[in-house]
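Here's a quick tour for anyone meeting this structure for the first time. Have a look at the sequence and the model, then read on.

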Amino acid sequence: METTSRVGAEGAPDTGTAEGVPAARLTVDGYLKAPFPWYGLDEAFTGPRWLMQVGTAADGTVQHGSTGHGDEPSVRSDAGEDRQRFAVVVTVASSPVRRSGDGTGVLDATTVSSAAWLAGSGLLAYTWPAQMDHTLRDDWLDQQTETAFELADDLDGPEWSALSLPVDGVPVAFHYRESEFGWVLAGSAHGGVHIGAYGRGMSAYGLGFSAVGDITSYA
């Protein structure tokens with residue numbers, strides 16, 4: 001699989017400040033620097049929307065990021081029913097292998113597998129068993145992350161099924177899988193980006209995606 005990098009799972013933005021600038025403003029600024037459109041759930045979703053964070057290459061070029069919908073996720077509790085309902089949409093710029101902007105290296109191509117990997121690892125950030133001993137958590141997360149990477153590298157494998165969902169009103173074929181932690185899907189939009197998504201408590205079957213007209217509306 002060709003990915004930009006094995007980045008860590010994307011989490012919610014920090015609420016602190018840097019040089020007197022609110023973190024929310026810094027987060028929005030990162031999204032505004034992207035040379036590609038961001039995607040989120042379409043207008044059929046009427047719940048809360050929020051920003052997560054962007055991923056950049058070594059030269060500072062924005063390559064991917066996520067928009068959140070529903071309840072802001074946290075690590076699942078081992079006590080009682082999990083009532084969190086959320087869906088996160090990952091947008092990944094589609095690009096071939098190319099030299100970095102500063103000329104110091106080569107940036108890998110991004111593919112649908114890149115979106116599947118980012119979505120799979122993102123879901124893991126909120127689903128490790130809370131009752132697990134913290135000394136075992138790193139080993140568990142490493143193992144599950146490696147599994148997510150291998151699954152993203154084999155989108156035609158038996159773990160994935162086909163799911164058609166609208167993107168900007170046009171049906172698009174997605175790769176889809178479910179686990180005990182939630183669901184993950186990945187496909188390509190028409191505007192030069194790949195779309196990944198993950199969620200829990202919200203059915204993926206009724207979702208639709210559309211380009212975000214004003215990303216600041218998520219802040």
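T67 has V89 in β6 as its bridge partner. That contact belongs to the antiparallel pairing of β5 with strand β6 (residues 86-93), joined by seven bridges. Strands here are DSSP runs of E with at least two residues, numbered from the N terminus, and two of them pair if DSSP finds at least two bridges between them.

A word on the model: it's predicted, so local features need pLDDT of at least 70 and side-chain atom pairs count only at pLDDT 80 or more, while totals for chains, interfaces and linings use all residues. Residues are numbered from 1 along each chain as its sequence is written, and side-chain values use heavy atoms, leaving out hydrogens and water.

Strand β5 (residues 62-70) is largely enclosed by the rest of the structure, because nine of its nine residues are buried (under 20% relative accessible area, with exposed over 50% and partly exposed in between, using a 1.4 Å probe and protein chains only). On β5 you'll also find H69, the bridge partner of R49.

| Hairpin | Residues between strands | Positive phi |
|---|---|---|
| β4 and β5 | five residues | G60, about 90° |
| β9 and β10 | two residues | D168, near 55° |

Where is D153? It lies in the loop between α3 (134-152) and β9 (161-167), and D153 is partly exposed, with a relative accessible area of 41%.

Conventions: Helices (H or I, at least four residues) and strands (E, at least two) are DSSP runs, numbered from the N terminus.
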